[in-house]
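Here is a briefing on the structure shown below. It is grouped by topic for quick reading.

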Amino acid sequence: MSSKPYLEIHGLKKSFGLKPILRGIDLNLYAGERMALLGANGAGKTTLLRILAGLTRPTDGRILIDGLNLVQQTREIRRKVGFVAHQPYLYDELSALENLIFFARMYALAQPQARAIDLLQRVGLSKKGRERAGALSRGQAQRLALARALLHEPQLLLLDEPDTGLDQDGLALLAELLTEHHARGGTILFTTHDLEAALGRSDQIVMLNNGRVAYQQATASLEQERIHEVYQEVVR
Amino acid sequence: MILLNQVWTILWKDIRTELRSKQMIAGMGLFALLVLVIFNFAFDLRVDNKAAVAPGALWVAFVFASFLGLGRTIAAEREKGSFDRLLLCPVDRKAIYLAKLLGNVLFIGVVEIVALPVFAILFNVPFAAGALIPIVLLGTVGIASVGTLFSAMAAATRARELLLPLLVFPLIVPIVIASVRATGALMVVTANEPPWLGLIAAFDAIFLSLSTVLFEYVIEE
């Protein structure tokens, strides 16, 4: 583990109008680490991920990704970050393959078509390449969204409830892809409502409550019985 | 070169999407034709007033039809969330603006190509088509440059259908007036007419440069 965190969040605050969503978040995530973000609906998980993806501007605070300031060097950071939302958000009129080729071109990848075909195969959609994204099932669309997030081989993977809509095979594939990414030294930050999934897939657990970090612990040092109690308390 | 590639890729995606859905262009075309037909019946057209009325009817049809398309430029992608995915990419925001602008000019242009012969038949006005092309093209670029910028702004609001015309109409008034007068000048030769085409080109240059720079600030949340 390097001495400097890959992701540093200092005093992060976000308000929408007068309503505070994040009230001062401080978190560090080292390269190669996996962090699970838990919390009730409205705790600020999605807002935090959107800020880290560069989609929403923070109201206050400082975020560094790989030493780059998120607000000032957003464009450089975009190459390092992959984002999967809980909805696939694809171009419905384009085919699955066209969707991936389009985004591969947006990332200026050397061989967009070859990369897109590779990833379609990897997520088990090679036979669906010519089908319109709008005609794919929810689970297939989510697989395609996963493939899109991995196109440019990002170092940091942000996943907002990535298991939404996935069937058993899809969930196994997701676990496999995350393991592969982790094995390559990739860093992962994901949100979930499933405590068991969080425990199984992370090195660190963070629970948000009302825009603040209510609990943070390394998964290895967790007491299994205690964590369920803490989760019930925080989420409630 | 990278910027041009990005512009072309986004434009290609928009054209392909529109060709498959046909949601925007069919509505715009039908609307333009309906406006022309209604104006044709609403006005008491005579030989002496035709040249005064017809250019106005033509540009009202173009402007209103344009708004149907401009309103969907970014709103459709915002509603589906796919615009966020585009913003996640390390793409120059100018490339997004230019691609959306070119797409709008292209779609409005197709509607104009369909509407112009209908206009010529209904209003029975003599004009040199060759001379009309630069007026229509420059007028369309002007409307689309302002419309594309404000469609991005309006797309982030709930009352986008109401907001877009309210924001854009006052700004494009000079372009519309100049386009109407330039088109009228093709039908009836008038002495001492100001250089309308030059005026439209000047407005286009101002709006285009301002919009290209401002777009980045409009789309970021």
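Gln204(A) stands opposite Ala218(A), a residue of β10(A). The model is a predicted one. Chain A carries eight helices and 10 strands. Its radius of gyration is 18 Å, close to the 18 Å that the globule rule gives for 236 residues, so chain A is as compact as a globular protein of that length.

**Overall build of chain A**

- Along the principal axes, the C-alpha atoms of chain A fill a box of roughly 45 × 40 × 40 Å.
- Buried residues make up 46% of the 236 residues in chain A.
- Take the contacts in chain A between residues at least 6 apart in sequence: 67% of them join residues at least 24 apart.

**The six-stranded sheet**

- Six strands of chain A form an open sheet, and their order is β6-β7-β8-β3-β9-β10. The pairing in this sheet is mixed.
- β6 (81-84) and β10 (212-218) of chain A stand at the edges. Each has a single partner strand, so one side of each is left without a neighbour in the sheet.
- On average, neighbouring strands of this sheet are turned by 15 degrees against each other, direction ignored.
- Strands of a sheet pair through backbone hydrogen bonds, in either the parallel or the antiparallel sense.

**Pairing, strand by strand**

- Gly82(A) has Leu157(A) of β7(A) as its bridge partner.
- β3 (residues 34-39) of chain A runs parallel to β9(A), and five bridges join them. Ala36(A) is bridged to Ile205(A) in β9(A).
- β9 (residues 204-209) of chain A runs antiparallel to β10(A), with six bridges between them. Leu208(A) has Val213(A) of β10(A) as its bridge partner.
- β9(A) and β10(A) form a hairpin with two residues between the strands. In this hairpin, Asn210(A) takes a positive phi near 55 degrees.
- Five of the six residues of β9(A) are buried, so this strand is largely enclosed by the rest of the structure.

**Helix α3 of chain A**

- Helix α3 (residues 96-106) of chain A is mostly covered, with 11 of its 11 residues buried. Among them are Glu98(A), Asn99(A) and Arg105(A), along with Leu100(A), Phe102(A) and Phe103(A).
- The buried residues of α3(A) pack against α4 (112-122) and α5 (138-150) of chain A. They also pack against α1 (2-21) of chain B.
- After α3(A) comes Ala108(A), which has a positive phi near 55 degrees.

**Nonpolar core**

- The largest nonpolar core has 136 residues. Those with the most contacts inside it are Leu100(A), Leu144(A) and Leu158(A).
- Leu100(A) is also one of the buried residues of α3(A).
- Leaving aside neighbours within four places in sequence, Leu144(A) is in contact with several residues, including Pro88(A), Leu90(A), Ala96(A), Asn99(A) and Leu136(A).

**Contact between chains A and B**

- 22 residues of chain A are in contact with 20 residues of chain B.
- On the chain B side, the elements that give two or more residues are α1 and α5 (82-88) of chain B.
- α1(B) gives the most to this side, with eight residues.
- By class, the side of chain B that touches chain A has six nonpolar, six polar and eight charged residues.

Notes
Residues are numbered from 1 along each chain as its sequence is written. Chains are lettered from A and ligands numbered from 1 in the order in which they are written. This is a predicted model: local features need pLDDT of at least 70, side-chain atom pairs count only at pLDDT 80 or more; totals for chains, interfaces and linings use all residues. Two strands pair if DSSP finds at least two bridges between them. Helices (H or I, at least four residues) and strands (E, at least two) are DSSP runs, numbered from the N terminus. Axes are lines fitted to C-alpha atoms, for helices over the stretch in contact, and angles run from 0 to 180 degrees between N-to-C directions. A residue is buried if 20 or more other C-beta atoms lie within 10 Å of its own, exposed if 12 or fewer, and partly exposed in between; C-beta atoms are placed from the backbone. Two residues are in contact if their C-beta atoms, placed from the backbone, lie within 7 Å. The radius of gyration is taken over C-alpha atoms; the globule rule is 2.2 Å times the number of residues to the power 0.38. Ala, Val, Leu, Ile, Met, Phe, Trp, Tyr, Cys and Pro count as nonpolar, Asp, Glu, Lys and Arg as charged, and the others, Gly among them, as polar. A nonpolar core is a set of buried Ala, Val, Leu, Ile, Met, Phe, Trp, Tyr and Cys residues joined through C-beta atoms within 7 Å.
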